[in-house]
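This report describes the fold, the nonpolar core and selected side-chain contacts of a single protein chain. The sequence and the structure are shown first.

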Amino acid sequence: MIAAFFMVIGILLLLAGGSVTIFLLYRSSKYWKKQVERSLKMVPLLVTVTRDFGSKDEQARSHDDRETMKEMIAVAETFYSNLSVLDRRKKVKNFVMGTPHIAMEIVAKDKEIFFYFSVPYDFISLVEKAITSHYPGSVVEKVEEHNIFNPEWGIDKIAGGEFKGRKNYHYPII
């Protein structure tokens, strides 16, 4: 009787382990296919901000430097929290296929700074509304993909980096 009980438990554990293994294999194959599909459906957006946004003249017109910095950080915090809506829609699908993502780039060329966002096609209007509501005066436009490895820009002028935080990703960088 006890041997039959342990045999049933063993079979159930074996079936559970097998089904978890099959699920993980299915997820890994679907995950990478979905990532490639998502990368092909990204739309590049160019965000143009007014030149005096955050400049010393604008700060002089406002009260204290600390208060101005706190206001700018508060705007950025609410902007990023609005973008966090991307992964809240379909929890089961996101678990299997991975969450959608946005890429942000800062490109400096000819003493000008360009802000690029690569956004999934489904979220273009959400990102446009978030940018224009948090940064009034900014202009968001769809552009062709730019290539920073273009020979006319010069390969020696390209630098890249990656932040690796000590804490989890939702903590501040500082």
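The sections below proceed from the overall fold to individual residues.

## Overall architecture

The structure is a predicted model. Its chain contains five helices and four strands, which follow one another along the sequence in the pattern α-β-α-α-α-β-β-α-β. Of the 174 residues in the chain, 21% are buried.

Among contacts between residues at least 6 apart in sequence, 65% join residues at least 24 apart.

The four strands form an open sheet with the order 2-3-1-4 and antiparallel pairing. Strand 2 (103–109) and strand 4 (139–142) are at the edges and have a single partner strand each, so one side of each is left without a neighbour in the sheet. On average, and with direction ignored, neighbouring strands of this sheet are turned by 30° against each other.

Strand 3 takes part in two of the pairings described here. With strand 1, strand 3 (residues 112–120) pairs in the antiparallel sense over six bridges, strand 1 covering residues 42–48; within this region, Val 47 has Phe 115 of strand 3 as its bridge partner. With strand 2, strand 3 pairs in the antiparallel sense over seven bridges, and Ser 118 in strand 3 is the bridge partner of Ala 103. Strand 2 and strand 3 form a hairpin with two residues between the strands, where Asp 110 takes a positive phi near 50°.

Helix 5 (residues 124–134) lies across strand 1, strand 3 and strand 4, and runs at about 145° to strand 3.

The largest nonpolar core has 15 residues, of which Leu 45, Phe 79, Ile 102, Phe 117, Val 119, Val 127 and Ile 131 touch the most other members. At least two residues of this core come from each of strand 1, helix 3 (65–83), strand 3 and helix 5. Helix 5 gives the most to the core, with four residues. As general background, nonpolar side chains in soluble globular proteins tend to be buried together.

## Aromatic pairs

The count of aromatic pairs comes to five. One of them joins Phe 79 and Tyr 80 in a tilted arrangement, at 5.5 Å centre to centre and with 55° between the planes.

How are the rings of Phe 79 and Tyr 135 placed, and what are the distance of their centres and the angle of their planes? The centres are 5.9 Å apart and the planes stand at 70°, so the pair is edge-to-face; the cut-off for this class is an angle over 60 degrees. Phe 79 belongs to helix 3 and Tyr 135 to the loop between helix 5 and strand 4, so the pair ties together parts that are 56 residues apart in sequence. Both Phe 79 and Tyr 135 are buried. Ring pairs link Phe 79, Tyr 80, Phe 117 and Tyr 135 into a cluster.

Ser 138 is located in the loop between helix 5 and strand 4. Is this residue buried or exposed? With 9% relative accessibility, Ser 138 counts as buried, since the limit for that class is under 20% relative accessible area. The side chain of Ser 138 reaches the backbone oxygen of Tyr 135 at 2.6 Å. Not counting residues up to four places away in sequence, Ser 138 touches Val 47, Thr 48, Val 49, Ile 131 and Thr 132.

Thr 132 is part of helix 5 and is partly exposed, with a relative accessible area of 38%. A polar atom of its side chain lies 2.9 Å from the backbone oxygen of Glu 128, and a polar atom of the Thr 132 side chain lies 3.4 Å from the backbone oxygen of Lys 129. Apart from neighbours within four places in sequence, Thr 132 is in contact with Ser 138 and Val 140. Thr 132 and Val 47 are 85 residues apart along the chain, and their C-alpha atoms are separated by 9.4 Å.

How values were computed
Residues are numbered from 1 along each chain as its sequence is written. This is a predicted model: local features need pLDDT of at least 70, side-chain atom pairs count only at pLDDT 80 or more; totals for chains, interfaces and linings use all residues. Side-chain values use heavy atoms; hydrogens and water are left out. Two strands pair if DSSP finds at least two bridges between them. Axes are lines fitted to C-alpha atoms, for helices over the stretch in contact, and angles run from 0 to 180 degrees between N-to-C directions. Contact means heavy atoms within 4.5 Å. Buried means under 20% relative accessible area, exposed over 50%, partly exposed in between (1.4 Å probe, protein chains only). A polar contact is a pair of N or O atoms within 3.5 Å; within protein, one must be able to donate a hydrogen and the other to accept it, and residues adjacent in sequence count only if both atoms are side-chain atoms. A nonpolar core is a set of buried Ala, Val, Leu, Ile, Met, Phe, Trp, Tyr and Cys residues joined through side-chain atoms within 4.5 Å. Rings of Phe, Tyr and Trp (its six-membered ring) pair if their centres lie within 6.5 Å; planes under 30 degrees apart count as stacked, over 60 as edge-to-face and the rest as tilted.
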